[in-house]
Amino acid sequence: PQRIYYLSLEFYMGRTLQNTMVNLGLQNACDEAIYQLGLDLEELEEIEEDAGLGNGGLGRLAACFLDSMATLGLAAYGYGIRYEFGIFNQKIVDGWQVEEADDWLRYGNPWEKARPEYMLPVHFYGRVCHTPEGVKWVDTQVVLAMPYDTPVPGYKNNTVNTMRLWSAKAPNDFNLQEFNVGDYIEAVLDRNLAENISRVLYPNDNFFEGKELRLKQEYFVVAATLQDIIRRFKSSKFGCRDPVRTCFETFPDKVAIQLNDTHPALSIPELMRILVDVEKVDWDKAWEITKRTCAYTNHTVLPEALERWPVSMFEKLLPRHLEIIYALNQMHLDRVAALYPGDIDRLRRMSVIEEGDCKRINMAHLCVIGSHAVNGVARIHSDIVKNSVFKDFYELEPEKFQNKTNGITPRRWLLLCNPGLADVIAEKIGEGFITDLSQLKKLLDFVNNETFIRDVAKVKQENKLKFAAYLEEQYKVKINPSSMFDVQVKRIHEYKRQLLNCLHAITLYNRIRSNPSKSFVPRTIMIGGKAAPGYHMAKMIIKLITSIGDVINNDPYVGDRLKVIFLENYRVSLAEKVIPAADLSQQISTAGTEASGTGNMKFMVNGALTIGTMDGANVEMAEEAGEENLFIFGMRVEDVEAMDRQGYQARDYYERLPELRQAVDQISSGFFSPQDPGCFKDVVNMLMYHDRQFKVFADYEAYIKCQGQVDQLFMDPREWTKKVIRNIACSGKFSSDRTITEYAREIWGVEPSATKIPPPNLPRD
């Protein structure tokens, strides 16, 4: 069969034990066996470390995709880096984020198997020689790539795929060559320099940091993986009768490479280098093969996130790849010039090389020219990709551009994390929904069924009680479990507008203070997420959230009507606890900035209602469930564009809206930071004078009004629960099984299979 290779620098896997039991159908048996030993399985599960080899959405998407590819019976491999240290652990000290190294391998990792027999060399630096026998890349430094395999089981289909993560190892002669005669000790200590490549995950989400070590990581995973792919291609029995396969004609029919963002973009020049320099394939033929093999997924339109590597860094680290990129770019620009004679500006816009004081390689442009398919991750995002980010490329080759709306695996995000809800669903419609989530549509028949309404509400209340107990046990915070659990968990970023959430919390607080006898819908506002260590504004936002909490949570006038909690160290295993307990899901990015979002889908399937902007996959969620079953507010993409043309004036909103002015003045006067009144001057200054990009104030009024509608509905539990049921019933589209089926058919050219292969204890046909 055709093999699928999913290349990603991040795989945010979380814990593996319970997922393995669920997919193997062993959970009840294990539960019982462990119980008979006098142990509690849940306590055991809490001991396992998260595999935190990702930052957020992009890395978690890769993990969901692996689960779906195995469940759909695809011959798929995940390839990435085995970081010794994953995403940092977040501690909150005096209200500030403090990072701690994530030494997740400290006690070993029982799920991985080292495969030293498949160790491969990766080359860096050196120089290029053009000889009559072809091009040679010589005098390189070698680092070895050691593979570690982790099994990826499909759901009850006896399929087990592989995630192969590479670890960097210095060769034994490292730094002990002729010129380094004397200093043996020093040379052995220098092995660390090579092995640093797989030491640590870069902790940036949606932000490009052009560090040489990061470029080394990107080439390291690509070079090792492509050697592995070609070894497997050559040794396969199928097709030609040669004992060793030398003809690459059939390569794209047997191999599909999916690039998860531009991070593995070097696959394109590296595959060209192997085909042309090593396998002696003709250049144009090699380019055809490369394009037909590779496909690229774009994950963001934020300009600060796009990878633009300095040519000078390439020249030093990967000189042959730079030559190849120049040649590919020349070919590409010749084609554009022929189609658009005299349009010099178009050539500048479309070049892979950006001219300027520092020449840079635009990795996204490289991916677009080197792939046969380019996709965005939600319909609105794919439209933005076609109409603005890659507009020129879309005009050139419209057939290349596709949409593949993201999804989440219902095994982890429903069955595993919310067994109570999965049970009441299965009671009504059977278990087919687990592998065909569209079957949730059948729940529409039960929207008015009193027992079902009661059962769904009861499961939610149990989940809330359980999470409240967890919070009290872990963080010593007491919350009111009958309050609305209002949750925003995601990476801290200005575009995600946690600040808008803060302004609502302050507004709510001020309303309670000015009218303490009035009855208010009690809320527990929970905000969680990590800030990139170098992102000053994001760290200030965390400090603001914790400071607001300190004031509100200790005000006797407020009581348990309002609490603001910062959820420390948000990660996959915490998401599995908080999402099933949430009543309200906040998805409030500025329209046009969140490519898709996937947390939004997890909340929807777990019975929370969404308050959100028309951004990312929220648009399709509203389309599936009906806009009246979500709390949609604020500017649409068109409104944002119109505002960009006329200019955004934060001060106008500040002067026109008294509640907004009061909240901003409180932040700026030190009401929330009495020890340090000037603490938040940077935040206020940004909101007032430097928020052209995300326009927090522009959506404030609509947001507060919409939150009022949330309160109204929450006071009618029966109507609230009916809306919840409609949401769950319409969440089927957002299964990663649907997403992967579309990738398989429309990009990789393979057909998923529902057939269960015979278990190993039965003879095969």
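Which helices each supply at least two residues of the lining of the second largest pocket? Select helix 15 (379-389) and helix 25 (637-646) and you have them; helices here are DSSP runs (H or I, at least four residues), numbered from the N terminus.

Before going on, two notes. This is a predicted model, where local features need pLDDT of at least 70 and side-chain atom pairs count only at pLDDT 80 or more, while totals for chains, interfaces and linings use all residues. Residues are numbered from 1 along each chain as its sequence is written, and side-chain values use heavy atoms, leaving out hydrogens and water.

**Stop 1: the second largest pocket**

Stay with helix 15, which gives six residues, the largest share of this lining. The pocket has a volume of about 560 Å³. Now pick Val301, Ile384, Ser388, Gly592 and Glu641: of the 22 lining residues, they are the closest to its centre. (A pocket is an open set of points on a 1 Å grid over the protein atoms alone, where a 1.4 Å probe fits, with protein on both sides within 12 Å along at least five of seven lines; lining residues have an atom within 4 Å of a point. The volume is the space filled by probe spheres set on the points.)

Colour domain 1 (3-407 + 742-747) and domain 2 (419-734) separately; both give residues to this lining, so the second largest pocket lies between them. The bounds come from an automatic or database domain assignment.

**Stop 2: the largest pocket**

Next, show Gln18, Gln27, Leu416, Pro419 and Lys466, which lie nearest the centre of the largest pocket, out of 45 lining residues. Its volume is about 1200 Å³. Select helix 19 (450-475) too: with eight residues, helix 19 has the largest share of the lining. Other helices that each supply at least two residues include helix 1 (17-24), helix 2 (27-36) and helix 18 (419-429).

Keep the domain colours on: domain 1 and domain 2 both contribute to this lining, so the largest pocket lies between them as well.

**Stop 3: Lys602**

Finally, jump to Lys602, in helix 23 (residues 599-605). An unreviewed UniProt entry lists Lys602 for "modified residue: N6-(pyridoxal phosphate)lysine"; such annotations may be inferred rather than shown by experiment.

Is Lys602 buried or exposed? Its relative accessible area is 8%, so Lys602 is buried (buried means under 20%, with a 1.4 Å probe and protein chains only).

Conventions:
Buried < 20%, exposed > 50% of the residue type's maximum accessible area, 1.4 Å probe, protein only.
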